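User: I'd like to go through this one with you. Can you take my questions as they come?

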Amino acid sequence: MQQKMKKVKITIQEDGEPKEIEIEVPDTGEGGWGDVSKNRYVSKSHTRVDAVDKVTGRAKYTADIKLPGLLYGRILRSAHPRARINRIDATRAMALDGVKAVVLPGDDPAVFSRECRFAGQEIAAVAATTPEVAEDALHAIDVDYEVLPFVVDEDAARDPAAAQVHGDRANEGESRVGEQGDIAAGFAQADVTLEASYRCQVQSHIALETHGTVCQWEGDKLTVWASTQGVFSVRGELAGHFGIPETNVRVITEFMGGGFGAKFGARKEGVICALIAKKAGAPVKLMLTRKEEHLATGNRPSAVQHVKLGATKDGKLVAYERSNYGTPGVAGSANIPGAPYLYEIPNYRIEQTSVFTNAGPMAAQRAPGHPQAAFAMESMMDEMAEALGLDPVDIRQMNDPDEARRNMVAMGAEHIGWKTRRSAQPNTGNGRIKTGMGVGSCRWGGGGGRTQAECTINPDGSVEVKCGTQDIGTGTLTLVHMIAAEEFGLKTDEITVGIGDTNYPFSGGSGGSTTAASVSPAIKGTTMLAKLELFNKIAPRFGVEPGELVASDGNVFVSSDPSKSMTWQQATAQLGDEPIFFHGQWLPGYSDSGVPGVHFVEVSVDTETGLVKVDRVVAVHNSGLILNPLTWASQVNGGVLMGIGYGMYENRIMDPATGYMVNANLEDYRLMGSTDIPEIDILRYDEPERGVIGIGEPATIPTPGAIANAIYNACGARIREMPFTPDKVLSALAAVQEG
Amino acid sequence: MADRHDEARPDESSQSKNKTGTRFTRRGFLKGAGAGAVTAAVAPAILVSEAGKAAAQETEGVMSATVTLDVNGQSHNVEVEARTTLADALRDRLEITGPKVVCDRGECGACTVAMDGKLVFSCMTLAMDAQGRKIETVEGLADGDNLHPLQEAFIEKDALMCGFCTPGFLMSSKALLDANGDPTPEEVREGLSGNICRCGTYPHVFEAVTSAAEKMRKGG
C-alpha cells in the first residue's frame, strides 16, 4: 500500500516577511492523526515521563537552582499606594556584612520609577550572600516618601473627583462598544425584560512556585533559569532590555511550578534579577515571596456588569444591553468578551470600560474575561428562564447556535439526572440543608501555531527530539515523547526529548490553551518527515517505495509483507555514519480551535449558616482529539476546581482607608482545600476529526455561574456577587424571606 | 495566627518612619518567641515587644552557629542563623530541595517534612530546633530505586501536575497511612487538609492515596 501524500500550506519567514509555501506531507487521515484506535500511545493514557523526578524531590525548579557563589536577591517595594520618592539611601544596607549589590531607581529608570502608584511597586533591590541578610538589607534602605492621595476601589475611582492614578489621564478609560441590530426595536419585541447587576471580584493567580529567575552573566552572555510560561518571551525581553543579541541570552525552564497566565516575559522581577546580578558580578536568585505575588505579579480584573435582557414569551432572546467596568489595577485592561456570551441575540449593545486604581496590575489569567462574562450571562439566563416559566436547559438549547454545545448540554443533563433528580421549583427541600442543581456553559478559542522542532535519528537507532516549548504542569513533555514514540514505533523512554530551553527550536508561550495544539502538530510533522527521510534512504534495501514502509513495535517492515522486516536499529544502521536531521514546524490539519464546555453542579446550602458546599460537578468537555486522557482529565479537574475557588472563596481585599491588600497571604486569601473538593464526573465529547484542541481554559470558565444557579435552585436566593460566601447567602435569603 | 503582625501591610520600606530598623518580621518574631514555635499559635500581645527587640537586633549583627541536622538518615553540619528556618537550611544550605517554600507561613503544606515521625511545616520550624531530631523529607521516601507505594500511586493516578505541591502531599499522605492503613475517603481528605494544590489535582491525589493504602494492606 503506497503512502498517500497531501499538500499543505505553511508560512515561513523569508527576509523577515511571512511567506506562504506549499509542501507535501503524508496524508494521515481525517484530523491529521488517522485512526487512533490501534495506537500504542497517541490518544491512550500515559503517566508523566517526568513523574519520578517529581515524586522523589529530584525535580529541580527555578526556586531550587543553586550555583557556586549564588547570591539571593530581594526587591524593595513601595510602602504606600501612591507616593513620590524624594530620597532613597542605601548606605546602611550596603554596610551590612554579606550585602553585595544594591540597585536604586537611578540605576535603571526603565525598571524603577520614583512615582509609586501601588503598594508593592518595585523601587529598589538588593543581593546578599544569604536570604536572611538580603531581608535585613531591605529594611536598611531608607526611603523618604511624599505620600499622595490614592484610590483602590473601582467604584470610588470612577468619581471624577477621585485621586488620579495616572497624572495624564482619567481613571476610567474610553468606552469600548460592541453592537449589532437595533436594541430599542429588540426590547420592543420582548415580552419580558429583566435587569440585574453582577459583580466579580479580583482573583490572584497563586502559582505555587512564585515568579522568579536565577541570572548568571559571563561577560555579555546571560544564562537565566526562569519560572516562566514562555522561555523565548523571557529571552526577548532581557536581550532587548540589556541591548544584547538574543543569541547571548539562554533561558532554561526544566520544571515549572504553575503559571495560570501571569508568567510571560522576563517581567520586572526578571529584569531586576539580571540587573543586580550584573552589578554584583555574581549569579543571583530572585524568587518573589508569596506576598509579593499577590501585590505585584498580576490578577484577574474585577467586573461589574449591569445587564438588561429581553426575550419573547416562548423564550427567544431578542435584545441585550450590557454596561460593565472593572479594575485592572494600575495598568492593563479589564475588558471581557465584547458580544453576548454564548447566545445568539439579534440586537445588542455592550459598552465597557477599565478603571485604573492604585493596586497591582492585572495579568492574563486562565481564560481572561470569560468566567466573569459566563457568570453574568448564565445567571441571567436562569433568571429569564424562571420569569418565563421555562426549564433553564430548554432556554439554553433554544438560543445556543453551537450544535456541539447543545449536544453537550444534553449529555450532561442526562448524566446528572436533570429531569429526574432536580426540582423545577427552587427551595423545595425540607430542613436547614437544601440541595440544588445548576448549569453553566462556556466557549474558548485555543488553536495552535508558532512552533518549530527538530529531530535527529542516529545510526545507532537513538532518536532525539527538541522543541523550545515548556511544561508548566500540563504534561507537554509527555506529549512530545508519546507523539515521537508513536511515529517511530518505539517506546516513550526510547526517545530523548529536550524542551524548556531557548537553545532549542522556537515555540510560543504556554497560554491560551494553545500549547498542545501548537506543539503536537509540530512534533508530529517533524518526526513524520524525519521518518520519511529515513525511509527514503533505506527503502531500496527492501526493494520497495518509501511509502510502503512502516515503523511499528521496534521494527521497520513492508506494510504489504510484514515478513520483510528489520529491527529499528538494523534499519537506522543503513544510514552509515550520517544521522537524519530534520527541522520542522507546526503544520495545519492536526489541530483546531473553538470549543464549547458545559458544567452541571450540585450544591448543598446550609440555610442557617449560609455555608455552601459544592457536592458534585459534571464537566462535559470537548478537546477534539484527546492525546493523553490521563493528563487531560487532570486539566479538567484543575479547571473545575479553580472555577469553584473563584466562585466560592477567593477574593483580593483592598482596604479603602489605607490602600493596602489586607489578605496578601494564603490564610486570609482563601483557597479551596481537600475538604472542599466535590465529586467530579468528566464526560468527553470527542471530535477526533478536528485534531487537537486545548483544555486548560474552557475547563474553568463555567463553574461560578453554574454554582450560582444551583444555589438559587437549592434555596431560592439569587447571589449576584462573587464569591458566594455565607454573608452573601444569608443576606440573599433574608431578602427572599422579606419578599 | 501570631505571625500576622509580620506583614499587616507592605512595609518593607517602612524605614522612612523608623530609622532604627525596628519592625516585626516573621523571622524576627520566631526568634523573639523562642524555641519550639512550630506553628506559633500563641497570644500575640505579650510577644510583640519581644519580637520588636529581636527584630531590632537583626541589622546590628546576627548570631550564627553550626548545627548538625539528621536528614533522611544522613548527618549534615550546616551553619545557620538563629532565625534560619528548617526549610531554608534544607533548601539553601543543604540543597535538599524536595520541600518547597510556597507561602512561608505554615498555610500550604508544600514544605512539610517529618521530624521525629511527626509532621511539621519546615518553614515554621527553626533549623536550630531541628537539631538532634530525625528529619525525613520526600527525598527519603523511596528505598533506593524502589519507590514507595504512594509514589507509585501518585504517578499512576496522575496525582501531580506541576509537581510543586507533590513533596508536601506525599509526606502528609505517608503520615496519614502510617497512622491509619485503611482510611475512609473523609479521613483521606482530612489527612491532606494541610496541603494546597493550585493545579487542582486533588481528585487524583485522593485516588492515589486510597490505591496505595490498598496495595500496602495487601503487602505491596
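User: How many residues of domain 1 of chain A are in contact with domain 2 of chain A?
Analyst: 15 residues of domain 1 of chain A are in contact with 18 residues of domain 2 of chain A. Contact here puts C-beta atoms, placed from the backbone, within 7 Å. This is a predicted model: local features need pLDDT of at least 70, side-chain atom pairs count only at pLDDT 80 or more, and totals for chains, interfaces and linings use all residues. Residues are numbered from 1 along each chain as its sequence is written, with chains lettered from A and ligands numbered from 1 in the order in which they are written.

User: Where do the domains of chain A run?
Analyst: Domain 1 covers 5-59 + 448-585, domain 2 covers 65-149 + 206-296, and domain 3 covers 371-445 + 592-738. The bounds come from an automatic or database domain assignment. Between the C-alpha centres of domain 1 and domain 2 of chain A there are 39 Å.

User: New topic. How many residues of H17(A) are buried?
Analyst: 13 of the 13, so H17(A) is largely enclosed by the rest of the structure. Buried means 20 or more other C-beta atoms within 10 Å of a residue's own, with C-beta atoms placed from the backbone. Helices are DSSP runs (H or I, at least four residues), numbered from the N terminus.

User: What does Ile707(A) touch?
Analyst: Leaving out residues up to four places away in sequence, its partners include Val601(A), Ile644(A), Met648(A) and Phe724(A).

User: And what comes just after H17(A)?
Analyst: Gly716(A), with a positive phi of about 80 degrees.

Notes. Two residues are in contact if their C-beta atoms, placed from the backbone, lie within 7 Å. A residue is buried if 20 or more other C-beta atoms lie within 10 Å of its own, exposed if 12 or fewer, and partly exposed in between; C-beta atoms are placed from the backbone. Helices (H or I, at least four residues) and strands (E, at least two) are DSSP runs, numbered from the N terminus.
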